[in-house]
Amino acid sequence: MSEAPDLSEAEAFAAEHALGVLSAAERRAAELRMAQEPDFAALVEAWRERLAPMADQLAPVAPPYGVWAAVSKALPANDNTAGRALRFWRGATAASLSLAAAGVAAAIFVGARPPAVVQPPQPGQLLDASLVSQSGAPVPLFVAAYDPVRKALIVTSLVTANTDPAHVHELWVIPSDGKPRPLGIIKPGTTQAMPMPEKYLPSLAEGSALAVSLEPPGGSPKVDAPTGPITAVGKLAKI
Amino acid sequence: MAAATTPDALSALMSRVATGERAALRQLYEATSAKLFAVCLRILSDREEAEDVLQEVYVTIWRRADRFDAGRASVMTWVSTIARNRSIDRLRARGPLAYADQVEELEIPDGQVGAEALLEAKGERGRLNNCLSELDDRTAKVIRTAFFEGVTYEALARRMDTPLGTVKSWVRRGLAKLKGCLER
């Protein structure tokens, strides 16, 4: 074979991630980098496509029936409804519609759908969510767990600290009505327990979306809506 | 096995899954689960754990179906990537040296399967295999092992009784050549 030029450092790392040889810590670093750098994410995706045909060599093995039964049981009811409402809401924000209009529109949008089979909030229900990046491949940037006993959301930021001192990460919950409620500021690279105000407890239900927006220091100037871009989104699900 | 196995049919299924249609997920499962189970099984080499991961994989597909972008990846690559990532994450949880000792029965297919695939000529699989077969045997084998078993450089180095840096440079050189060959 003729000599090929060496891969750039970024591409070599992307290829190694696609191949699957990286250690646990390196894998996390690669995934974060994919979330932060669309060019790097594209390199990884291109390598996944290049290597994918190798998997065709594996002889298929039919899984036992029990696996489908378990999948079917584990599917959150109408899981995607909250996602659609959220996307709509984000679109509305981007178009600079007034918040009231966005809220009403989102409510109508949700209302026009068949009744959502979202489970009612159950006291004592532990919930968790993985908030994944909104550009490039879905990579977790924050993980959150709701502890109903402490009435607190335990949030871990996987974002490297001190990379963007001009902005803060503000956390929002968007329940099935599509209206965002502010939950507080997440410090990059830390785990913190955020006590939840009583009035927001009903919002912390299975199927509600958690979203993080990029805001000026101190948080969104508006109390009921993010003003910056949404960097990560996830849905609360039973643990 | 469902009929929906062409790329277009799978793509159409994915958009129905994205709208929350369970029947579509069921069809996608029927069309792809044997392939994905093979992927999980090969990496984890533990049936029970592979079944567990496979379940997570389809729940993940259900949750993320709305992110699937047909313009950026094929359905098979997208779902296989989820299966590989989940399995590798599970494997890493066992430690960096998981499977540093080769499991004999898991010997990966090498030249023989490659030769069969060559006969299929053309097609993406044929091209990749052609290019793999142009690498020296040791490099091709280490790349295949890494892909199929999802083991770390560290485990590969231990297995081959070779310094980690050397294994790493074999793989990197091999991948660069592979890319050059695929672009020819």
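Chain A has an average pLDDT of 77, and 77% of its residues score at least 70; pLDDT is the predictor's confidence in each residue, from 0 to 100. This is a predicted model, in which local features need pLDDT of at least 70 and side-chain atom pairs count only at pLDDT 80 or more, while totals for chains, interfaces and linings use all residues. Residues are numbered from 1 along each chain as its sequence is written, and chains are lettered from A and ligands numbered from 1 in the order in which they are written.

Within chain A, confidence is highest in helix H1 (residues 9-19), at a mean of 97, and lowest in helix H6 (residues 99-111), at 40. The pLDDT is below 50 over residues 78-123 of chain A, a stretch that has 70 contacts in the model beyond near neighbours in sequence. Two residues are in contact if their C-beta atoms, placed from the backbone, lie within 7 Å. Where pLDDT is low, the predicted coordinates should not be read in detail.

The secondary structure of chain A consists of six helices and nine strands. Helices (H or I, at least four residues) and strands (E, at least two) are DSSP runs, numbered from the N terminus. Of the 239 residues of chain A, 43% count as buried. A residue is buried if 20 or more other C-beta atoms lie within 10 Å of its own, exposed if 12 or fewer, and partly exposed in between, with C-beta atoms placed from the backbone. Among contacts in chain A between residues at least 6 apart in sequence, 67% join residues at least 24 apart.

Strand E7 (residues 209-215) of chain A is largely enclosed by the rest of the structure, because six of its seven residues are buried. E7(A) pairs with strand E4 (residues 168-174) of chain A in the antiparallel sense over seven bridges, and A:Val173 has A:Leu210 of E7(A) as its bridge partner. E7(A) also pairs with strand E8 (residues 230-235) of chain A, again antiparallel, over five bridges; here A:Ala211 stands opposite A:Val233 in E8(A). Two strands pair if DSSP finds at least two bridges between them.

A:Thr190 is in the loop between strand E5 (181-186) and strand E6 (191-195) of chain A. A:Thr190 counts as exposed because it has 11 C-beta neighbours inside 10 Å. In chain B, B:Arg22 lies in helix H2 and counts as partly exposed, with 15 C-beta neighbours inside 10 Å. Each of these residues has a partner listed below.

| Pair | Separation in sequence | C-alpha to C-alpha distance |
|---|---|---|
| A:Thr190 and A:Ala161 | 29 residues | 8.2 Å |
| B:Arg22 and B:Trp62 | 40 residues | 8.6 Å |

The largest nonpolar core has 105 residues, and A:Leu131 and B:Cys40 have the most contacts inside it. Helix H2 (residues 22-44) of chain B gives the largest share of this core, 13 residues. A nonpolar core is a set of buried Ala, Val, Leu, Ile, Met, Phe, Trp, Tyr and Cys residues joined through C-beta atoms within 7 Å. Not counting residues up to four places away in sequence, B:Cys40 touches B:Ala50, B:Val53, B:Leu54, B:Ala83 and B:Ser87.

Between the chains, 59 residues of chain B are in contact with 43 residues of chain A. H2(B) supplies the largest share of the side of chain B that touches chain A, ten residues. That side of chain B divides into 30 nonpolar, ten polar and 19 charged residues. Ala, Val, Leu, Ile, Met, Phe, Trp, Tyr, Cys and Pro count as nonpolar, Asp, Glu, Lys and Arg as charged, and the others, Gly among them, as polar.
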